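Biologist: Please take one part of this predicted model and look at it closely. I would like a connected account of how that part sits among its surroundings.

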Amino acid sequence: GVWQHVGGWLKTGSSVTAAEVMAFCTAVSMAKEGAVVITDCRVVAESWQAGQRTGKIAVPSGAAGMGEVWARLDRLVRERGLVGVKWVPAHLTCAEFVAQGGLAEDWLGSDYADKRAKKLAAEERAPADVCQLRRQ
């Protein structure tokens, strides 16, 4: 694997959706053309797929106050639109996901990232930088 540097740009008190968009933007920014980024946020996955078809990200209803976050995603779909996305539902167990045709590796990676993000969010002060192991 290769260690990748990941830094955040969200303001304190941002919504969960904004954090999901930020994480996705960071992953897409680091991904090579043709890579697939996995997310457990359905709105992010669907917005990216629609943006790949149209060349523009439509801001979902209920996303008021998150203009900067969605604008970043909009820029990325034009710059890095050849990066794919796969949605891994967070509400399924690994066995359920695999039974529906998903890959255990995708579920396990998503679960690890989710647990790591929750741990960092729960800390009194998250580190300025987070390093994430990414299998190549």
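Modeller: Start with the buried residues of helix 2: Val44, Ala45, Ser47, Trp48 and Gly51. Seen down the helix axis, these buried residues fall within an arc of 165 degrees, so they line one face of helix 2. An α-helix has 3.6 residues a turn, so residues three or four places apart point the same way. The face turned away from the buried side carries the exposed residues Arg53 and Thr54.

What do the buried residues of helix 2 pack against? Their partners are helix 1 (16-30), strand 2 (36-39), helix 3 and strand 3 (84-87).

Now the helix itself. Helix 2 covers residues 42-54. It has 13 residues. From its first C-alpha to its last, helix 2 reaches 18 Å, close to the 18 Å expected at 1.5 Å a residue. Just after helix 2 comes glycine 55, with a positive phi of about 80 degrees.

Trp48 deserves a stop. Tryptophan 48 has a relative accessibility of 0%, so it counts as buried. It also takes part in an aromatic pair. The count of such pairs comes to one. The partner is phenylalanine 24: the ring centres are 5.2 Å apart and the planes stand at 70 degrees, so the pair is edge-to-face. The cut-off behind that label is an angle over 60 degrees. Phenylalanine 24 lies in helix 1 and tryptophan 48 in helix 2, so the pair ties together parts that are 24 residues apart in sequence. Phenylalanine 24 is buried as well, with a relative accessible area of 2%.

Side chains of opposite charge can pair when their charged atoms come close. Arginine 42 forms a salt bridge with glutamate 46. Their closest N and O atoms are 2.8 Å apart. Both residues lie in helix 2, four residues apart, about one turn of the helix. How accessible is arginine 42? Its relative accessibility is 46%, so arginine 42 counts as partly exposed. Glutamate 46 has 42%, so glutamate 46 is also partly exposed.

The salt-bridge count comes to four. Among them is one between arginine 78 and aspartate 74, at 2.8 Å from N to O. Arginine 78 and aspartate 74 are four residues apart in helix 3 (residues 67-79), so about one helical turn separates them. Aspartate 74 is buried, with a relative accessible area of 11%.

Lysine 115 and aspartate 111 sit four residues apart in helix 5 (residues 104-122), so about one helical turn lies between them. Lysine 115 has 54% relative accessibility, so it counts as exposed.

Stay with helix 5 for a moment. Serine 110 is in this helix. At 13% relative accessibility, serine 110 counts as buried. Leaving out residues up to four places away in sequence, serine 110 touches Ile38, Asp40 and Val88.

A word on the cysteines. How many disulfides are there? The count comes to zero. Cysteine 25 is buried, with a relative accessible area of 2%. Cysteine 41 counts as buried too, at 10% relative accessibility.

From the N terminus on, the elements run β-α-β-α-α-β-α-α-β. Buried residues make up 31% of the 136 residues. Among contacts between residues at least 6 apart in sequence, 64% join residues at least 24 apart. Back in helix 2, the picture has two sides: a buried face that includes Trp48, and a face turned away from it with the exposed residues Arg53 and Thr54.

How values were computed: Residues numbered from 1 in each chain as written. Heavy atoms only, no water. Salt bridge = Lys/Arg side-chain N within 4 Å of Asp/Glu carboxyl O. Buried < 20%, exposed > 50% of the residue type's maximum accessible area, 1.4 Å probe, protein only. Expected span 1.5 Å × (residues − 1). Arc of directions from axis to C-beta. Contact = heavy atoms within 4.5 Å. Phe/Tyr/Trp six-rings, centres within 6.5 Å; stacked < 30°, edge-to-face > 60°. Disulfide = S-S within 2.5 Å.
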